[in-house]
Each structure stands twice: as structure tokens, then as C-alpha cells.
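User: I would like to go through some of the labels used for this structure and see what each one rests on. Please set the values against the cut-offs.

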Amino acid sequence: ARLADIKKYESATLGFDVAFERGNYLLAETELKKIAVHKDYGYNFRLAKLAHYKGKLDTAIAAMHRASALAAGNIFLKQAALSNEADLNLHSGNLQRANDLYTESIRLSAADLHSIMGLGWIALLHDKNDTLAEKIFRFVQNKTKAPDAVLKLARVAEQRGDSAMQKKYAA
């Protein structure tokens, strides 16, 4: 892409994405510094990913929150930032904030299966409501071929102590 003479911003964001996904975090950070504009969605979204990798959860949450605010009228970008911010809050133990963000994302578009799964995860781990969690995960499983819902159903079986169902879902 760089040989095709793409613009500096596109080159840096693509460079970050490729380096980050390949585990070359030092190069990813170098690429991110090339576009360090705090009022840019793409910069904040990527900064959140890098900060999360580095274990700086508060920085990651703040950056993803900025990305969400900068998404403006783009529902797809807004949902991506909201659901990722919710995930980060879930990791930090702020379950109410995660719940609120997942719900906000779903209100933008009910097709946000990731946020629906997040609510199921909260139901399972926090509320200990394995019945509701199972319903949510089965709903998502019926809407997609992605393995995420099956993995979560295995966790439902694990929480119930049902090793046979856990093995079935794992297989």
C-alpha cells in the first residue's frame, strides 16, 4: 500500500493495524504516533487497543470513550466504539457502565450481536442468571455462524456443573 503512494494517515493507520494484529506492538506504537490527533476517531480507537494491550485500562477506556464521541452520525463507528468501551468496562469490573454502553449500542441498531452477547455475559457472571444468559446466547447462535455463542454456552454448562454439555459445546 505504501508503494501505491497512499496518504500519510491511511499509511499510518494501515501500518498500525497490520503491526498490531501481527503482534509487532513497538512498530504499531510508532505508526500510531504518526497520526497522534486527539480529536480523531481512528487515532483514539487504535490508542485504546494499544493501551489495553499495555494493561492501561483507564487510558483505554478514556480513548474509546473519545472515539465514541467523535463517531458523530456514523452509527457503525459509534457502535464499534460503544461495544468496545463496554468490553473494556467489563474487564475493569464496572458492570453497570458496561451494561449501559451495550444497551446504548443496541438502541442504535438491534443487529449488534456483540453487545447482545455482552449482556448475556453480564447475566451469567454477575447476575448468576444462567437461564437468561442461555436464552441470549442461543438467540445469537441462531443469528450467526460465529463460534462465540457456542463458547459462551459452554461457559453456561460449566457454571451449571454440566460437564457433558460443556464437552458437547466445546466439541
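User: Where is K34 found, and what makes K34 partly exposed?

Analyst: In this predicted model, K34 sits in the loop between α2 and α3. Its relative accessible area is 41%.

User: Which residues does K34 contact, leaving aside its neighbours within four places in sequence?

Analyst: K34 is in contact with K8 and A12, with neighbours within four places in sequence left aside. The C-alpha atoms of K34 and Y9 are separated by 7.8 Å, and these two residues are 25 apart along the chain.

User: Why is T13 called buried?

Analyst: T13, a residue of helix α1, has a relative accessible area of 8%. The cut-off for buried is under 20%, so T13 counts as buried. Not counting residues up to four places away in sequence, T13 touches I35 and R46.

User: Why are α1 and α2 called roughly antiparallel?

Analyst: The angle between α1 and helix α2 (residues 25-33) is about 165°, and their axes are 8 Å apart. Angles over 145 degrees count as roughly antiparallel, so α1 is roughly antiparallel to α2. The crossing of α1 past α2 is left-handed.

User: Which residues meet where α1 packs on α2?

Analyst: From α1 they are S11, A12, G15, F16, A19 and F20, and from α2 they are Y25, L27, A28, E31 and L32.

User: What makes α1 and α3 roughly parallel?

Analyst: α1 and α3 pack at about 25°, and their axes are 11 Å apart. An angle under 35 degrees counts as roughly parallel, so α1 is roughly parallel to α3. The crossing of these two helices is left-handed. On the α1 side the contact is made by Y9, T13, F16, D17, F20 and E21. On the α3 side G42, Y43, R46, K49, L50 and Y53 take part.

User: How many aromatic pairs does a search of the whole structure find, and what makes the pair of F16 and F20 stacked?

Analyst: The search finds five aromatic pairs. In one of them, F16 and F20, the ring centres are 5.4 Å apart and the planes make an angle of 20°. Centres within 6.5 Å make a pair, and planes under 30 degrees apart count as stacked, so F16 and F20 are a stacked pair. Both residues belong to helix α1 (residues 8-21), four residues apart, about one turn of the helix. F16 and F20 are both buried.

User: Why is the pair of F20 and Y53 called edge-to-face?

Analyst: The planes of F20 and Y53 are 85° apart, and the distance is 6.5 Å centre to centre. Planes over 60 degrees apart count as edge-to-face, so that label applies to F20 and Y53. F20 lies in helix α1 and Y53 in helix α3 (residues 41-53), so this pair ties together parts that are 33 residues apart in sequence.

User: Which residues form one aromatic cluster with F20?

Analyst: The cluster consists of F16, F20, Y25 and Y53.

User: How do you know that K152 lies over the face of W121?

Analyst: K152 is at 4.0 Å from the ring centre of W121. The distance limit for a charge over a ring is 6 Å. K152 is placed over the face of W121.

User: What makes E134 buried?

Analyst: The relative accessible area of E134 is 18%. Buried means under 20%, so E134 is buried. E134 is part of helix α8 (residues 130-143). Leaving aside neighbours within four places in sequence, E134 is in contact with L153, V156 and R160.

User: How many helices and strands are there in the protein chain, and what share of its residues is buried?

Analyst: The protein chain has 10 helices and zero strands. Buried residues make up 40% of its 171 residues. The C-alpha atoms fill a box of roughly 55 × 30 × 30 Å along the principal axes. Of the contacts between residues at least 6 apart in sequence, 41% join residues at least 24 apart.

Terms used
Residues numbered from 1 in each chain as written. Predicted model: local features only at pLDDT ≥ 70, side-chain atom pairs only at ≥ 80, totals over all residues. Heavy atoms only, no water. Phe/Tyr/Trp six-rings, centres within 6.5 Å; stacked < 30°, edge-to-face > 60°. Buried < 20%, exposed > 50% of the residue type's maximum accessible area, 1.4 Å probe, protein only. Lys NZ or Arg CZ within 6 Å of the ring centre and 35° of its normal. Contact = heavy atoms within 4.5 Å. Axes fitted to C-alpha atoms, helices over the stretch in contact; angles between N-to-C directions. Parallel < 35°, antiparallel > 145°, perpendicular 65-115°, else oblique. Left-handed = near helix turned anticlockwise from the far one by under 90°.
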